[in-house]
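Work through the following exercises with the model open in a viewer. Each task is followed by a solution in steps.

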Amino acid sequence: MSKFPAPQKSVLDHHLQTLQPYLDHWKKEGKPAPVLLLTGPRGVGKRTLAHYLADWMGCKDYNLTEILPEEGGESLKIDQFRKLKETQGFGGWGDQYRVFLIPNAEQMTPQATNSLLKLLEEPPTGWVFILTSGDSSLLLPTLLSRCQVIRLRPFPDATLATVLRESGVPEVKIRQALDLGAGSWKRALLIQEESVWDGLQSIQRFFKNPAAELDSVLDWASKETDHYQLLLDELEKRSAQLARQNSEDPKLIQFWVENSDRVARSRQNLAAPLNRKLQIQDLLIPWLQEAEQERSHPTVQKHCPGAGCVGEGPR
């Protein structure tokens with residue numbers, strides 16, 4: 001028997017709206033595509049759906065290989081794929097598929113990607129590769145061209161609320177979780193972690209008074225990758241909000257563009273061996289500088305960063 005965890009019914013029902021045509025086609029063809037790429041927002045359930053697909057293919061847990069960064073690292077390296085090539089002549093036990101799951105495929109180094117591409121030129125019989133990525137634009141075009149891409153949709157609020165209730169999230173936190181989740185199942189569940197809630201409150205205070213909260217946000221976001229990604233999400237959402245509220249202010253539009261560029265670069269560098277605190281400082285200091293400039297100019301517009309009226313914190 002397979003030991004893969006079964007997805008929650010509401011999670012599976014949502015994603016089957018996207019998956020079912022592919023399942024029907026593979027059943028008709030008598031085999032799945034040899035290389036699949038599941039894309040979608042972070043936390044939408046790509047890895048969970050990859051396990052579901054492996055189970056649907058009849059793959060047992062002992063025929064599933066999950067390729068993850070080595071302990072202490074954040075990237076997938078060429079040596080991991082060289083070891084994989086050494087087993088190229090071995091299929092799954094019996095008539096089962098041998099499935100290789102590569103979560104967050106954008107974490108592959110260029111050398112690792114090229115090594116994988118050589119494998120994919122002629123995928124061994126009975127082998128299926130399932131890759132996941134939150135942003136397929138970060139993958140090499142040559143790799144994308146080898147994949148059958150399945151784009152998973154974010155959860156609508158009504159479905160996400162059902163998922164959260166099934167997961168035991170208290171009713172009083174459902175609204176807050178939906179705001180945090182923005183269509184992402186796993187992100188919404190983070191609301192149950194006290195450290196996440198405290199950090200999000202600190203970020204909202206930072207937008208109102210950057211100088212007072214800079215150190216607090218810096219320490220919180222540098223502790224865990226999840227915290228860092230949540231900070232990037234919040235900076236992105238807040239700068240977009242500023243742009244909408246001040247669409248005729250060239251200065252704030254420029255601030256939004258520059259902040260969006262910084263956030264995009266930070267996402268690309270998530271797996272790079274860079275000093276996390278320095279990266280976060282580079283993201284936060286411009287907000288502090290903008291707030292200081294506003295205080296020195298009494299003509300500041302109502303919705304500028306740091307003015308204390310850009311929006312409310314978690315409700």
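**Exercise 1. State the strand order of the sheet, its edge strands and its twist.**

Step 1. The sheet is open, has 5 strands and runs β2-β3-β4-β1-β5 with parallel pairing. Strands are DSSP runs of E with at least two residues, helices are runs of H or I with at least four residues, and both are numbered from the N terminus. Two strands pair if DSSP finds at least two bridges between them.

Step 2. β2 (64-66) and β5 (148-151) are the edge strands, each pairing on one side only.

Step 3. From one strand to the next, the twist averages 20°.

The model is predicted: local features need pLDDT of at least 70, side-chain atom pairs count only at pLDDT 80 or more, and totals for chains, interfaces and linings use all residues. Residues are numbered from 1 along each chain as its sequence is written, and side-chain values use heavy atoms, with hydrogens and water left out.

**Exercise 2. Describe how β1 is joined to β4, and find the helix that packs on the sheet.**

Step 1. Strands β1 (residues 35-39) and β4 (residues 127-133) run parallel and are joined by 5 bridges.

Step 2. In this pair, V35 stands opposite F129 in β4.

Step 3. Helix α4 (residues 110-120) packs on the sheet and touches β1, β3 (98-102) and β4. Contact means heavy atoms within 4.5 Å.

Step 4. The direction of α4 makes about 145° with that of β4. Axes are lines fitted to C-alpha atoms, for helices over the stretch in contact, and angles run from 0 to 180 degrees between N-to-C directions.

**Exercise 3. Is Q229 buried or exposed, and which residues does Q229 contact beyond its neighbours within four places in sequence?**

Step 1. Q229 lies in helix α11 (residues 225-245).

Step 2. Its relative accessible area is 13%, so Q229 is buried. Buried means under 20% relative accessible area, exposed over 50%, and partly exposed in between (1.4 Å probe, protein chains only).

Step 3. With neighbours within four places in sequence left aside, Q229 is in contact with R42, R267 and L270.
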